[in-house]
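Welcome to this short tour. Keep your viewer open and select each stop as we reach it.

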Amino acid sequence: MATARLDYVPPWWTYWLHNFPHFTFLLQSTDNTFKPEEASYQQSVIILACVGAVGLGLSLLILTVYLICLCCCHKDIDEETKRPNNRCITWTAVAAGLIICSAVGVGFYGNSETNDGVYQLTYSLYGANQTIGGINNMVSGSVGNAETGLKQHLLRLDEIFSTRPDYLQSLRFMQLMLNNVVRELTALPDVSKANVDLTAIADQIAFAEYYRWLTYLLLLILDLIICLALFLGMARQSRVLIIMVMAFVTLSLILSWASLGGDTAAAVGASDFCVAPDKFIVNQTTDVLTADVAHYYLFCTPNQPNPFQQSLTVCQRSLTTMQIQIQGLLQFSVPIFPTAERDLLGIQRLLNSTEFSVHQLTALLDCRGLHKDYVDALMGLCYDGVEGLLYLSLFSLLAACALSAMLCATFRLWTRVGSREKEYDDIDEEDPFNPQARRTSYNPRRNQSMLFGGNPRYENVPLIGRGSPPPSYTPSMRTTYLSMTESQIRHFGTDFQV
């Protein structure tokens, strides 16, 4: 059953990112073709990465202007004016926290998508590496059998059949066929260098992806902790907790803008490759593969000829001819030269193993296997990988903007909490107009306990009949009450001492 051909079509977002302007350090427009070895293209990618630095600079500028306005325009306002501002600050902080939580959800999805895409890319590279390694092993094994084992057997048979020119002619013909097999196998392209390059590339990508995924995971967790700490600090009105939140918000703000720049540069660079990957690979493999071999594996069209077909056909026909010759020698020469049977059977075993290796080599050299790995790698990189980078860029942008607003709100909240604590510190606790004192005097049970020195025996005793002052009294009544209290203290000791 024929395997359906896999086609790769770049997604629309790669074309959108590919059309981003590319500028050098001198702000000169450059070609957006993927050429990572050229300095102009490297400069354009660095310029894209500086988008995060520009955003960070704008955020810091806005924060500086806000702090200057806050310090210069600060006025003493009454309590009625403070309450709406506090409510506004609270809602601003809450809204920023909710936006960050939503952005974290987007970030988790983008981080997972990018990791899945890179995993599919590295898995396909390892699969292609295994196929290429199998080709190298098959070629080297077949050539080794032909050059060592078969030639040794033919040399011994040449000595045994030295008196029979007809048998020697068969040996010469087999030697010619053997030379054809060796020549055609060695003429196959040496893909051992590509094998090493794919392994190194896959290892480097996997190493970088692990730390990228871990870094984003820690950043996402940090943003969640910031939101929880902010809500807790607002609830407890803790200046220390708010200061810690401000410090971590500043750190996360810097990391968010930096990640935005890195994601943008990586997404645009990957899109430049994904738009025309065939052209880049053909240019990079000119030292290893010929153009027809590279096109055979990259496109794998049904009407495209197999560049290895002729060599493989010659090998199979030569091996089949040698098998026929060996069968004839076993039938006619062994009764005359019994010592030749061992070498003839040895040649037959080597021919069988070589023919089996050539059949396996034919299957490995077919374009469908490597082309499938190639398409899977592109799907992982250009679909899941670039899409995940876009979601991570969205997360970084939302988080950076929300963190900027949160930093403004937390700073204003910190000043409010500080001024409130200062006002409370300046109030005399014995002042009858102190709100706290009014709350204390409003509690009749506590006043009653204070009158009797906190003694529980007298807390529930009615005040009437014990010389206690009424709820409202004149100065003369207060003097009478105090004199009665002093006499009671002398009579009863310290039970009624306040």
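**Stop 1**

Select Ile225, which is partly exposed with a relative accessible area of 48% (buried means under 20%, exposed over 50%, and partly exposed in between, with a 1.4 Å probe and protein chains only). Ile225 is found in helix α6 (helices are DSSP runs of H or I of at least four residues, strands are runs of E of at least two, and both are numbered from the N terminus).

This is a predicted model, where local features need pLDDT of at least 70, side-chain atom pairs count only at pLDDT 80 or more, and totals for chains, interfaces and linings use all residues. Residues are numbered from 1 along each chain as its sequence is written, and side-chain values use heavy atoms, leaving out hydrogens and water.

**Stop 2: one side of a helix**

Now select helix α2, residues 39-49, and highlight its buried residues: Tyr41, Ser44 and Leu48. They lie on the same side of α2, because they cover an arc of only 55° around the axis (the arc is taken from the directions from the helix axis to the C-beta atoms).

**Stop 3: the whole chain**

Zoom out, and you will find 15 helices and zero strands. Of the 498 residues of the chain, 41% count as buried. Among contacts in the chain with a separation of 6 or more, 80% come from residues 24 or more positions apart (contact means heavy atoms within 4.5 Å).
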